[in-house]
Amino acid sequence: MDKNGLSSFLLGLGVGVGIGMLFAPKSGKETRDIIKNKAGESTDYLKQRSSDIKQTASEWVDKGKDALGRQKENIADAMEAGRQAYREAVGQEPPPAEGAAN
């Protein structure tokens, strides 16, 4: 849930509680208990949503790491193929690339 969505949710929650208190057909104690229960439900909902968002973000990070690893392997394979082609064309080892770690 983005920041805008969360603030809209909390604003709606506050307005709903206020209107509920004004038009409540129950006693003050009963109304307070209902509000307390609804606030608890809202807290549980927010905890669940934040957990879901954290899980999704973690999955995205893992997918990104996997994709980066595959690209890194592809680049390494392409560099090795280029070195091999150079060796075959020239008949000798190419000079080491700058900054390349072996």
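This dialogue walks through how to read several features of a predicted model.

Biologist: Before any feature is read, what is counted in this predicted model, and how are residues numbered?

Modeller: Residues are numbered from 1 along each chain as its sequence is written, and side-chain values use heavy atoms, with hydrogens and water left out. Because the model is predicted, local features need pLDDT of at least 70 and side-chain atom pairs count only at pLDDT 80 or more, whereas totals for chains, interfaces and linings use all residues.

Biologist: How many helices and strands are there?

Modeller: Helices (H or I, at least four residues) and strands (E, at least two) are taken as DSSP runs and numbered from the N terminus. In this protein there are 2 helices and 0 strands. Helix α2 has 63 residues and reaches 92 Å from its first C-alpha to its last, close to the 93 Å expected at 1.5 Å a residue, where the expected span is 1.5 Å times one less than the number of residues. After α2 comes Gly91, whose phi is positive, near 85 degrees.

Biologist: What share of the residues is buried?

Modeller: A residue is called buried under 20% relative accessible area, exposed over 50% and partly exposed in between (1.4 Å probe, protein chains only). By that scale buried residues make up 3% of the 102 residues. Ser42 touches Phe9 and Leu13, not counting residues up to four places away in sequence, contact being heavy atoms within 4.5 Å.

Biologist: How much area does the protein expose, and which residues form a nonpolar patch on the surface?

Modeller: Accessible areas come from the Shrake-Rupley method with a 1.4 Å probe, and for residues only the protein chains shown count as cover. The protein exposes about 8,600 Å², of which carbon and sulfur atoms supply 58%. Patches are made of residues with over 30% relative accessible area and no salt bridge, like charges being joined within 9 Å and nonpolar side chains (Val, Leu, Ile, Met, Phe, Trp, Tyr) within 5 Å. Here Leu11, Val15, Ile19, Leu22 and Phe23 form a nonpolar patch, with about 580 Å² of accessible area together. Val15 lies in helix α1 (residues 3-22) and counts as partly exposed because its relative accessibility is 45%.

Biologist: How many salt bridges does the structure hold, and which residues are linked in a network?

Modeller: Side chains of opposite charge can pair when their charged atoms come close. A salt bridge is a side-chain nitrogen of Lys or Arg within 4 Å of a carboxyl oxygen of Asp or Glu, and the structure holds 4 of them. One of these joins the side chains of Glu41 and Lys38 at 3.7 Å, N to O; the two residues are 3 apart in helix α2 (residues 28-90), so about one helical turn separates them. Glu41 is partly exposed at 47%, and Lys38 is partly exposed at 45%.

Glu80, Arg83 and Arg87 are linked in a network of salt bridges. The closest N and O atoms are 3.9 Å apart for Arg83 with Glu80 and 3.4 Å apart for Arg87 with Glu80. Arg83 and Glu80 both lie in helix α2, 3 residues apart, about one turn of the helix.

Biologist: How many aromatic pairs are there, and why is the pair of Phe9 and Tyr45 classed as it is?

Modeller: A pair of aromatic rings is described by the distance of the centres and the angle of the planes. Rings of Phe, Tyr and Trp (its six-membered ring) pair if their centres lie within 6.5 Å, and planes under 30 degrees apart count as stacked, over 60 as edge-to-face and the rest as tilted. The count comes to 1 aromatic pair. The rings of Phe9 and Tyr45 have their centres 5.7 Å apart and their planes at 35 degrees, so the pair is tilted. The pair links distant parts of the chain, with Phe9 in helix α1 and Tyr45 in helix α2, 36 residues apart.
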